[in-house]
Amino acid sequence: MQKKLNIGLLIVIAILLLVPFIAPNSFYLDLAIRMAINAMIVLGLNLLIGFAGQISLGHAGFLGIGAYASAVLPTHFNWHPLLAMGAGALITGLLAALVARPIFKLKGNYLAMATLGLGIIINITLRNEAQWTGGPDGMPVLPMSLFGLEIYGDKQWYWIIAAMLVFAVWASQNLIDSPFGRALRALHGSEVASQVVGVDVVRYKVSIFVLSAVFASIMGSVTAHYIGFVSPNFADFFHSIELVTMVVVGGMASVFGSLVGAVLLTALPQALATFEGWETVVFGAILMGFMIFLPKGIVPTLAAKFGKGE
Amino acid sequence: MLAQFLQFLFSGLTVGATYALAALGFTLIYNASNVINFAQGEFIMLGGMLAVFFTVSGFPLPVALVLAILLPAVVGVLLEKLAIEPVKGAETVTLIIITIGASLVIRGLVQVWLGKSTFALPAFSGEEPIQILGATLMPQSLWVFGVTAVVVAVLWYFFNRTLSGKAMLATSFNRTAAELVGINTSWVLFMSFAMAAALGALGGILIAPITMTSYDVGIMLGLKGFVAAVVGGLGNGLGAVVGGLLVGILEAMGAGYISSAYKDAMPFILIIFILFFMPRGLFGGKSTDRV
């Protein structure tokens with residue numbers, strides 16, 4: 001088991017090392033960076049959907065909080081970007097915990113409704129508080145600096161984000177194999193049964209939700225600094241749906257499925273550029289098709305076919 | 001002061017009636033299948049857009065309106081047959097994602113077909129506003145109130161006085177028991193989707209002359225209808241109607257007295273409060289566990 005996991009991680013590292021040398025120009029490097037950022041958000045979201053069996057329809061809202069914390073605090077209040085990123089993560093974590101605690105005491109999928117509402121409120125707030133956020137037009141973001149050095153250029157960003165991704169994959173694998181991860185899988189299987197054997201269901205669900213929200217917030221900050229610009233579209237409902245689609249396509253409850261889903265769906269809009277106007281239809285059809293014909297997603301289905309677990 | 005209050009009340013009730021119809025659609029489908037149909041908003045959009053399309057194509061208004069209700073009903077049935085029935089018994093997350101996918105497909109197709117412009121449907125009976133205690137009421141609002149009231153009465157009669165309606169109710173209480181007494185539950189599922197889609201489309205048609213319509217109005221209208229259904233206690237028909245009106249009034253009052261910029265946020269703030277303090281909604285029954 002342990003050995004197989006490491007092979008997966010080594011493959012990820014090998015691919016990440018190769019990309020800068022096979023990417024013909026900065027367009028592809030930029031695409032790779034976006035894929036890696038999405039992969040990290042999806043890793044967090046997949047922990048929630050795949051392992052805790054709960055869906056968040058407002059994850060882009062958390063992304064938006066992180067992105068705007070990194071845009072607003074350094075610009076208007078002269079905060080250091082790292083401090084701003086931390087503040088965004090903290091606000092997101094507190095907000096997620098505040099919302100999740102009462103919701104998870106209820107049966108059924110009320111989290112979908114609560115996160116949906118929360119995401120829309122965040123988006124509307126970002127659009128309306130124009131004196132801070134630039135309103136619907138968005139605002140520029142100051143560059144990130146580490147130890148007095150500014151990070152700029154695709155190459156620098158690529159290595160930083162690649163390192164983050166490797167760490168995120170490794171951490172997710174460990175989390176899933178830890179007692180915490182086992183408890184999560186148990187409560188996805190049967191909530192009542194896991195309660196009987198002593199799993200504090202509410203606490204575990206709240207922690208995984210907060211964790212995935214904080215993941216999204218930090219990646220929102222990273223995206224904001226990388227692109228150098230934020231707009232309310234970061235936090236809109238459709239973006240939340242895109243993230244859920246990545247989880248579904250790659251495979252729920254699969255670490256490498258998250259990566260595959262993020263890579264495929266980040267590339268999809270580029271591939272669809274020739275089908276101007278049909279993007280929404282294709283996205284919807286993919287969602288429905290996967291849920292009906294391949295509900296486990298690509299990676300778990302392939303893994304089952306070739307007779308080895310992940 | 002009173003005039004202003006009445007003005008907000010009228011506009012709240014008008015849009016609230018649409019939410020109520022959408023919420024009834026959510027309720028019907030939820031009761032028949034436990035599916036939260038995130039494509040409900042697209043039926044509202046389809047109603048308005050098709051009504052515009054058929055009137056512009058030269059059909060007389062009544063014919064255009066009937067077509068604009070029937071076609072979405074067919075779409076609803078297709079959704080049920082092609083996407084919901086094949087995954088019977090799937091997890092809630094799966095079903096939510098399928099209906100979200102369906103909503104994207106419907107919205108995308110309409111966008112490709114009719115474009116991204118905003119359309120207005122002519123009011124059914126003139127644009128001459130009616131003065132009531134200093135507030136103005138559009139004749140179209142009367143259509144909205146009247147038709148919604150008739151629909152609610154018909155639905156009440158259907159569910160309480162006809163065998164088909166009682167069969168649908170029985171299925172929502174206990175599917176297995178309903179099947180055992182000989183109710184065709186797949187017919188019930190079929191009917192629920194057809195009726196839900198038709199109700200949504202009707203709401204979309206009624207409101208189109210007041211708020212205009214475009215390919216993307218379904219998202220917000222649907223989500224607010226959904227909030228209304230939850231406020232009323234998901235699965236409760238009367239609750240859905242009251243919830244719809246309440247959400248509409250709250251939104252109009254909030255926009256008028258607090259902040260019009262945050263108008264669209266009001267229903268969602270409401271739903272978070274409801275989930276916190278009254279998780280079963282205003283009219284929801286006691287919760288039961290299925291293990």
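A residue counts as buried if 20 or more other C-beta atoms lie within 10 Å of its own, as exposed if 12 or fewer do, and as partly exposed in between, with C-beta atoms placed from the backbone. The model is predicted: local features need pLDDT of at least 70 and side-chain atom pairs count only at pLDDT 80 or more, while totals for chains, interfaces and linings use all residues. Residues are numbered from 1 along each chain as its sequence is written, and chains are lettered from A and ligands numbered from 1 in the order in which they are written.

Q: Which residues of α12(A) are buried?
A: Val255(A), Phe256(A), Gly257(A), Ser258(A), Leu259(A), Val260(A), Gly261(A), Ala262(A), Val263(A), Leu265(A) and Thr266(A) are the buried residues of this helix. Helices (H or I, at least four residues) and strands (E, at least two) are DSSP runs, numbered from the N terminus.

Q: How do you know what span the 18 residues of α12(A) should have?
A: The expected span is 1.5 Å times one less than the number of residues. For α12(A), residues 255–272, that gives 26 Å, and the end C-alpha atoms are 26 Å apart, so the two agree.

Q: Why is Leu29(A) called partly exposed?
A: Leu29(A) has 18 other C-beta atoms within 10 Å, and therefore falls in the partly exposed class. Leu29(A) belongs to helix α2 (residues 26–52) of chain A. Beyond its neighbours within four places in sequence, Leu29(A) is in contact (C-beta atoms, placed from the backbone, within 7 Å) with Pro20(A), Ala23(A), Asp154(A) and Tyr158(A).

Q: What makes Leu133(B) exposed?
A: Leu133(B) has 9 other C-beta atoms within 10 Å, so it counts as exposed. Leu133(B) sits in the loop between β1 (130–132) and β2 (135–137) of chain B. Its phi is positive, about 50°, although it is not a glycine.

Q: Why does Asn34(B) count as partly exposed?
A: Asn34(B) has 16 C-beta neighbours inside 10 Å, which means partly exposed. Asn34(B) is in the loop between α1 (2–33) and α2 (40–56) of chain B, and has a positive phi of about 65° without being a glycine. Most residues other than glycine have a negative phi.

Q: Why are α10(B) and α11(B) called oblique to each other?
A: The axes of α10(B) (residues 237–258) and α11(B) (residues 266–277) cross at roughly 125° and come within 9 Å. Angles under 35 degrees count as roughly parallel, over 145 as roughly antiparallel, 65 to 115 as roughly perpendicular and the rest as oblique. The two helices are therefore oblique.

Q: Which residues of α10(B) and α11(B) meet?
A: Val247(B), Leu250(B), Glu251(B) and Gly254(B) of α10(B) meet Met266(B), Pro267(B) and Leu270(B) of α11(B). By class these are five nonpolar, one polar and one charged, where Ala, Val, Leu, Ile, Met, Phe, Trp, Tyr, Cys and Pro count as nonpolar, Asp, Glu, Lys and Arg as charged, and the others, Gly among them, as polar.

Q: How many nonpolar, polar and charged residues does the contact of α1(B) with α5(B) have?
A: The axes of α1(B) and α5(B) (residues 139–161) come within 10 Å and cross at roughly 35°. Their contact has 10 nonpolar, three polar and no charged residues.

Q: What makes up the side of chain A that touches chain B, by class?
A: In total, 37 residues of chain A are in contact with 38 residues of chain B. α5(A) gives the most to the chain A side, with 11 residues. That side has 29 nonpolar, seven polar and one charged residues.

Methods. Axes fitted to C-alpha atoms, helices over the stretch in contact; angles between N-to-C directions. Contact = placed C-beta atoms within 7 Å.
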